[in-house]
Amino acid sequence: MAIKIKIAFADDSILQRALIRNIIDHKKRFQLLFVCSNGKELVDQLEACSELPQVCLIDLHMPLMNGIETANRIREKFPSIKVFGYTSSIKDSEIEVFYKSGVKMIFNKSNINITLQQIHRFLTANT
């Protein structure tokens with residue numbers, strides 16, 4: 001049996017959180033460790049958990065701690081975690097800053113299945 005990629009997800013949208021739970025429940029390649037409603041909650045979960053995820057998928061626009069702040073914090077405190085962005089923003093300036101915060105790739109929220117396929121390919125190619 002293949003080892004599953006452990007993933008954590010942060011998005012302030014209840015719908016997006018429910019969608020990721022449902023989709024990952026049916027994916028054999030991923031194990032969802034936790035889902036958070038904002039970046040601060042994600043960082044708090046990472047600090048408290050006994051097993052770190054390999055991947056964090058984070059929304060750009062969240063309350064308390066946005067995706068850029070969250071990516072910077074994860075990169076500083078948990079450099080082994082690969083961080084991927086997830087957004088519906090099309091502003092080039094926001095995307096550029098998101099990349100500078102350390103995210104490996106940024107995905108549009110239009111299709112979570114494609115996002116997960118791309119994350120799997122990235123990790124497979126870079127391990």
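**Exercise 1.** In this predicted model, check how far apart the end C-alpha atoms of helix 5 (residues 112-125) should be, and compare that with the model.

**Exercise 2.** Find which residues of helix 5 are buried, and what covers them.

*Solution.* Buried means under 20% relative accessible area. In helix 5, Ile112, Thr115, Leu116, Ile119, Phe122 and Leu123 are buried. Around the axis they cover an arc of only 125 degrees, so they sit on the same side of helix 5. Their cover includes helix 1 (14-25), along with strand 1 (5-10), strand 2 (30-36), strand 3 (55-59), strand 4 (82-87) and strand 5 (106-108).

**Exercise 3.** Now zoom in on threonine 115: is it buried or exposed, and which residues is it in contact with, beyond four places in sequence?

*Solution.* Threonine 115 lies in helix 5. Its relative accessibility is 1%, so it counts as buried. Setting aside neighbours within four places in sequence, threonine 115 is in contact with Leu57, Tyr86, Phe107 and Asn108.

**Exercise 4.** Find what caps the N-terminal end of helix 5.

*Solution.* Look at asparagine 111, which caps that end. One of its side-chain oxygens lies 2.9 Å from the backbone nitrogen of asparagine 113.

Conventions. Residues numbered from 1 in each chain as written. Predicted model: local features only at pLDDT ≥ 70, side-chain atom pairs only at ≥ 80, totals over all residues. Heavy atoms only, no water. Helix = DSSP H or I, 4+ residues; strand = E, 2+ residues; numbered from the N terminus. Expected span 1.5 Å × (residues − 1). Buried < 20%, exposed > 50% of the residue type's maximum accessible area, 1.4 Å probe, protein only. Arc of directions from axis to C-beta. Contact = heavy atoms within 4.5 Å. Polar contact = N/O pair within 3.5 Å; in protein donor to acceptor, adjacent residues only side chain to side chain.
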